[in-house]
Amino acid sequence: MAEPIRVVVTGAAGQIAYSLLYMIARGEVFGKDQPIVLHLLDIPPMVGVLEGVVMELADCALPLLVEVKPTTDPAVGFKDVSAAFLVGAMPRKEGMERKDLLSANVKIFRTQGQALDKFAKKDVKVLVVGNPANTNALVCSSYAPSIPRENFSAMTRLDQNRATSQIAAKLGVPISAVSNIIIWGNHSSTQYPDAGQGKATVNGAVKSVVEAVNDTSYLQGSFVETVQKRGAAVIAARKMSSAMSAAKAACDHMHDWWNGTAPGQFVSMGVFSDGSYDSPKDVIFSFPVEIKNKQWKIVSGLTLSDFAKTKLSVTGKELQEEKDEALSVLDSNVSNL
């Protein structure tokens, strides 16, 4: 049996973690022969709930789960972890401006960045799920200077899974028959779900999604809008935000980061932009990536339509604004110290 690895999940008493912890402990992320020590980090008011989660994990009798450490202390939560799922964040409340939301989350992700910097392994893989995920990941990285910034990413895999599911349903094929659907930009309503590079196997033949769907107005209209607004639609129906699907997407994201992607397969990850595809540099921007030996690489040389370029420009502008707002919050926090 391999040596156990330590994995932290923040917001561990919450809805997403409730599905996520079970998937990780079952071996669906790091492999069926990889023992796990789970660190469950949450805020003091959630301690009682956390105890219940620990009981349930024990009652699952999971062979790979060596130990569970519930804690409210970031020093304990991030100690020697190889992977971090940062799920806990301040949710947007009614009447809250984006600046208020950024301000609340800057404080959370500053603390977590500092704890990662001090206590986690230097090759830790950090996945930010809590929204606004892209900018939270940027803040977190800026407070963990000793960890390479390519080790921080934001989750857009849920959007990719949503988009892939929409295309598969439209074509009447299984999910496994559709690949390389891309999410560009921010995990927000400005993101651009792009089927332009997608492939689909229809009646045994591999075609481009554009050719198979053969409906530009759909691909540039209701397909994009459905994916952009899917989170709100789930809240309207369930009266709570996406949890099971978000947990599954977090597992997919970390699984591929850890184990690599199949040749020719792209996955969407929010990563530090190098300016590819005219995106603003040094924001966390979702790109198609290929992964090998735990290292992601932005897929280069894709041809984008004018429609796609317009959409990338809009989401890039929003990310630059969010970054500027977050930095101004950081500056004002520093001057208040």
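**Salt bridges, a helix and a pocket**

Analyst: This model is predicted. Start in helix 12, residues 306-336: Glu321 and Lys317 are four residues apart there, so about one helical turn separates them.

User: What do the side chains of Glu321 and Lys317 meet in?

Analyst: A salt bridge, 3.1 Å from N to O. Lys317 is exposed, with a relative accessible area of 55%. Glu321 counts as partly exposed at 34%.

User: How many salt bridges does a search of the whole structure find?

Analyst: Six. One of them joins Asp282 and Arg149, with the closest N and O atoms 2.7 Å apart.

User: Where do Asp282 and Arg149 lie?

Analyst: Asp282 is in the loop between strand 12 and strand 13, and Arg149 is in the loop between helix 5 and strand 6. The pair therefore ties together parts 133 residues apart in sequence.

User: And Lys248, which residue does it form a salt bridge with?

Analyst: Asp252, with the closest N and O atoms 2.7 Å apart. Both are in helix 11, four residues apart.

User: Is Asp252 buried or exposed?

Analyst: Buried, because its relative accessible area is 15% and the cut-off for buried is under 20%.

User: New topic. How much space lies in the second largest pocket?

Analyst: About 290 Å³. Of its 15 lining residues, those closest to the centre are Arg157, Gln160, Asn161, Thr164 and Gln265.

User: Which helix gives the largest share of that lining?

Analyst: Helix 6, with five residues. By class, the lining has three nonpolar, eight polar and four charged residues.

Methods: Residues numbered from 1 in each chain as written. Predicted model: local features only at pLDDT ≥ 70, side-chain atom pairs only at ≥ 80, totals over all residues. Heavy atoms only, no water. 1 Å grid on protein atoms, 1.4 Å probe; cavity = no way out; pocket = protein on both sides within 12 Å on 5 of 7 lines; lining within 4 Å. Points joined across faces, edges and corners; volume = space filled by probe spheres on them. Helix = DSSP H or I, 4+ residues; strand = E, 2+ residues; numbered from the N terminus. Nonpolar A, V, L, I, M, F, W, Y, C, P; charged D, E, K, R; others polar. Salt bridge = Lys/Arg side-chain N within 4 Å of Asp/Glu carboxyl O. Buried < 20%, exposed > 50% of the residue type's maximum accessible area, 1.4 Å probe, protein only.
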